Amino acid sequence: MEKAALFDFNLTLPAIATEFLLLMVALDKLYFTPLGKFMDERDAKIRGELGDVKGASEEVKQLEDQAAAIMKAARAEIAAALNKMKKETTAELEAKLDEGRSRVEAELVEALANLEAQKEEAVKALDAQIASLSDEIVKKVLPSA
């Protein structure tokens, strides 16, 4: 028997090397190539979806800007309509107030005229009574001549 050496280079080394190379080629063809292809497709799909999302986010931003512009225009339109309605209402109220004032002034003038007429009638009636009372007093105080 031969002495055991640290490394025994007989036919086992080339057999193991051949086995290793065959296993490496088989794994590359059967496992790593399909896996790499799958990973590349997945990466491309994810990149495509990210690109779509970026495009969609730009579209969403544009839509938000449009919505903000529409809201601003609507608010301005509503404010203008409110101001117009406020002016119209104020004008109507002023017209009604002026009409009411003129009606009240007309009634006041009429009432003052009625009071003046009643005063004159009362003065005439009192003048007539004063004249008759004066005549009676004179007749009673002064005997008939």
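## Fold at a glance

The protein chain holds one helix and zero strands, where helices (H or I, at least four residues) and strands (E, at least two) are DSSP runs numbered from the N terminus. This is a predicted model, in which local features need pLDDT of at least 70 and side-chain atom pairs count only at pLDDT 80 or more, while totals for chains, interfaces and linings use all residues. Residues are numbered from 1 along each chain as its sequence is written, and side-chain values use heavy atoms, with hydrogens and water left out.

## The annotated span

An unreviewed UniProt entry places a "coiled-coil region" at residues 46-136; such annotations may be inferred rather than shown by experiment, and the positions follow the numbering used here, with feature names shortened. In the model, that span is 100% helix and 0% strand, with its end C-alpha atoms 129 Å apart.

## Overall dimensions

Let's step back to the whole chain. Its C-alpha trace spans about 205 × 30 × 20 Å along the principal axes. The radius of gyration is 60 Å, whereas a compact globule of 145 residues would have one near 15 Å (taken over C-alpha atoms; the globule rule is 2.2 Å times the number of residues to the power 0.38).

The protein chain exposes about 13900 Å², and carbon and sulfur atoms supply 65% of it.

## A pair of rings

By the ring-centre rule (Phe, Tyr and six-membered Trp rings with centres within 6.5 Å), there is one aromatic pair. Tyr 31 and Phe 32 form it edge-to-face, at 5.1 Å centre to centre and 75° between the planes; planes under 30 degrees apart count as stacked, over 60 as edge-to-face and the rest as tilted. Tyr 31 is partly exposed because its relative accessibility is 46%, and Phe 32 is likewise partly exposed at 47%.

Technical notes: Accessible areas come from the Shrake-Rupley method with a 1.4 Å probe; for residues, only the protein chains shown count as cover. Buried means under 20% relative accessible area, exposed over 50%, partly exposed in between (1.4 Å probe, protein chains only).
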